[in-house]
Amino acid sequence: MTANHPAEVAAHYATEQHLRTRIETHRRYTVGPDLEASLDELLRLNGQEALLDVGTGPGEFPGRLRAQGHRGRLVGVDLSAGMVEQASAHQPGVEFVQASADALPFADATFDVVTARHMLYHVPNVAAVLTEFRRVLKPGGRFLAVTNASTYLSELWAAVAEAALSEPSLEAVRASRGSFAAAFSELNGEALVQDTFGHIGVSFSHSALVFPDAQPVLDYLASLPSWHNLSGPEQERGRAALGQVLRPLLQDSGWRVSKTLVFLRASK
Ligand SMILES: C[S@@+](CC[C@H](N)C(=O)[O-])C[C@H]1O[C@@H](n2cnc3c(N)ncnc32)[C@H](O)[C@@H]1O
């Protein structure tokens, strides 16, 4: 899959199943700075802001803010009806709306804060979406995007590349990584945000996934859209090839896969 192919993105996120596997992988195996703590530090919310989270998925971010006492309006937008249904059922006190990031159903200057967490690489026209984010921000309102650095999970992708030498169908899985970095990462995100907002703040967070055994690695890869394009026999052979590659990597202390996130900030 290409990261920002609309039909493939819609199909992948029709339900939260695959995203849930990745969320749980990060929750269980991350070592190092916590994403939520880093975001809170960057946003420094006073609790009164009207905040819009775009590409909210199951809505856990605005749900957490509400549970922690945020008093201002909280809205989560997602393209997927399934995500909106899931979020509405589990995150009380947050408005969830099905809409596309490039056509937000809100008046100009509605929000104090707009966040876009791990979603801009799914958007075909990032510049148009950033313009839409700026439109719905109040003057002085703030924008924060989180995305994966181009080096994200490098060791994992090196293992997939090695396994592809014995199981060529894995090459398509390996190649899918590049489309995410090309769509929205530190390589182009800085210029895109700068062009829309006229300035940009960029920071990085370095953490890691430490896997105790092969199963969660295989589960993570099997949650990726590119894996679903493999036939049943290709998936079977792919798992075997990856198992061979992972065996020597999984030492007693676990296999460390580095994970760098990029935060891009701007204001209107
Ligand atoms: C990787 S998930 C991130 C979910 C959540 N923000 C998080 O960090 O866990 C990407 C989400 O963006 C949504 N999405 C993709 N393209 C979108 C678009 N054009 N407009 C709104 N949401 C979109 C997907 O449906 C999916 O729920």
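**Note on aromatic pairs and ligand contacts**

1. Phe211 has a relative accessible area of 1% and is therefore buried. Buried means under 20% relative accessible area, exposed means over 50%, and partly exposed lies in between, with a 1.4 Å probe and protein chains only. The model is predicted: local features need pLDDT of at least 70, side-chain atom pairs count only at pLDDT 80 or more, and totals for chains, interfaces and linings use all residues. Residues are numbered from 1 along each chain as its sequence is written, and side-chain values use heavy atoms, with hydrogens and water left out.

2. The structure contains six aromatic pairs. One of them joins Tyr29 and Phe211: the ring centres are 5.7 Å apart and the planes stand at 45°, so this pair is tilted. Rings of Phe, Tyr and Trp (its six-membered ring) pair if their centres lie within 6.5 Å; planes under 30 degrees apart are stacked, those over 60 are edge-to-face, and the rest are tilted.

3. Tyr29 lies in helix H2 (residues 17–29) and Phe211 in strand S7 (residues 201–211), so that the pair links distant parts of the chain, 182 residues apart. Helices (H or I, at least four residues) and strands (E, at least two) are DSSP runs, numbered from the N terminus. Tyr29 also counts as buried, at 14% relative accessibility. Ring pairs join Tyr29, Phe211 and Trp255 into a cluster.

4. Is the pair of Phe143 and Phe197 stacked or tilted? The ring centres are 5.4 Å apart and the planes stand at 0°, so the pair is stacked. This pair too links distant parts of the chain, with Phe143 in strand S6 (residues 137–148) and Phe197 in helix H9 (residues 186–197), 54 residues apart. Phe143 is buried at 2% relative accessibility, and Phe197 is buried at 7%.

5. There are 18 residues around the ligand, and Tyr13, Gly55, Asp78, Ala101 and Arg117 come nearest. A residue is near a molecule if one of its heavy atoms lies within 4 Å of it. The shell divides into nine nonpolar, seven polar and two charged residues. Here Ala, Val, Leu, Ile, Met, Phe, Trp, Tyr, Cys and Pro count as nonpolar, Asp, Glu, Lys and Arg as charged, and the others, Gly among them, as polar.

6. A polar backbone atom of Gly55 is 2.7 Å from a nitrogen atom of the ligand. For Leu79, a backbone N or O atom lies 3.2 Å from a nitrogen atom of the ligand. For Ser100, a polar side-chain atom lies 3.4 Å from a nitrogen atom of the ligand. The ligand has 600 Å² of accessible area on its own, and the protein covers 91% of that area (Shrake-Rupley method, 1.4 Å probe).

Key:
A polar contact is a pair of N or O atoms within 3.5 Å; within protein, one must be able to donate a hydrogen and the other to accept it, and residues adjacent in sequence count only if both atoms are side-chain atoms.
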